[in-house]
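Here is a short report on one protein chain. Take a look at the sequence and the model before reading on.

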Amino acid sequence: MITARVWRERRQRYLNEAARCKGCGRIHFPPRQVCDACRGSDFEAVRLAETGKVLSWSIIRVPPPAFAQEAPYAVAVLEMDDGARMMAQVADVAPEEMRTGMRVRLEFRKIRQYGRTGIIAYGHKAVPVA
Ligand SMILES: [Zn+2]
């Protein structure tokens, strides 16, 4: 069931591939078909910046079943150093340590395991930069 999605999203999921608008330079992650800044539709693939900061965040205390053992955990909107914005779980941080503006770095981590099939999905999580 998830195989097609994993394949479709592999470049953004594993390579952090973003799309830079050739019209105005804005970087979109995940990649999109039309630039929301200039309506351009001509993009080039770029690697998303690996560091950025927390713009806003929320603590998940009642997660979906697949993430139950991780609760409570933080999910944040990040602004990367190249200007792209993305959402990610913030790992290695206690809920009370979360701060707006906190510097983070993306790390490749296990995201979840799918039910009886045991398929493990990997992706990027943000971790605080000391
Ligand atoms: Zn644009």
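## Burial and overall shape

Buried means under 20% relative accessible area. By that cut-off, 36% of the 130 residues of the protein chain count as buried. The model is predicted.

How does the radius of gyration of the protein chain agree with that of a compact globule? A compact globule of 130 residues would have a radius of gyration near 14 Å, and the protein chain has 16 Å, which agrees. The C-alpha trace spans about 45 × 35 × 20 Å along its principal axes.

## Surface, charge and contacts

The chain carries 22 positive and 14 negative charges. Their mean positions lie 5 Å apart.

## Secondary structure

The protein chain has 2 helices and 8 strands. What pattern do they follow along the sequence? The pattern reads α-α-β-β-β-β-β-β-β-β.

Strand β1 covers residues 17-21. Its antiparallel pairing with β3 runs over 5 bridges. Which residue in β3 is the bridge partner of arginine 20? That partner is glutamate 44.

## Valine 127 in strand β8

Strand β8 covers residues 119-128, and valine 127 is found there. Is valine 127 buried or exposed? Valine 127 counts as buried because its relative accessibility is 3%, and the cut-off for buried is under 20%.

Which residues does valine 127 contact, leaving aside its neighbours within four places in sequence? With those neighbours set aside, valine 127 is in contact with Ala91 and Asp92, with Arg103, Val104 and Arg105, and with Glu107 and Arg109. Threonine 51 gives another reference point for valine 127: the two are 76 residues apart in sequence. In space, they are 9.5 Å apart, C-alpha to C-alpha.

Terms used: Residues numbered from 1 in each chain as written. Predicted model: local features only at pLDDT ≥ 70, side-chain atom pairs only at ≥ 80, totals over all residues. Heavy atoms only, no water. Pairing = 2+ DSSP bridges. Helix = DSSP H or I, 4+ residues; strand = E, 2+ residues; numbered from the N terminus. Rg over C-alpha atoms; globule rule 2.2 N^0.38 Å. Buried < 20%, exposed > 50% of the residue type's maximum accessible area, 1.4 Å probe, protein only. Lys, Arg positive; Asp, Glu negative; His and termini not counted. Charge placed at Lys NZ, Arg CZ, Asp CG, Glu CD. Contact = heavy atoms within 4.5 Å.
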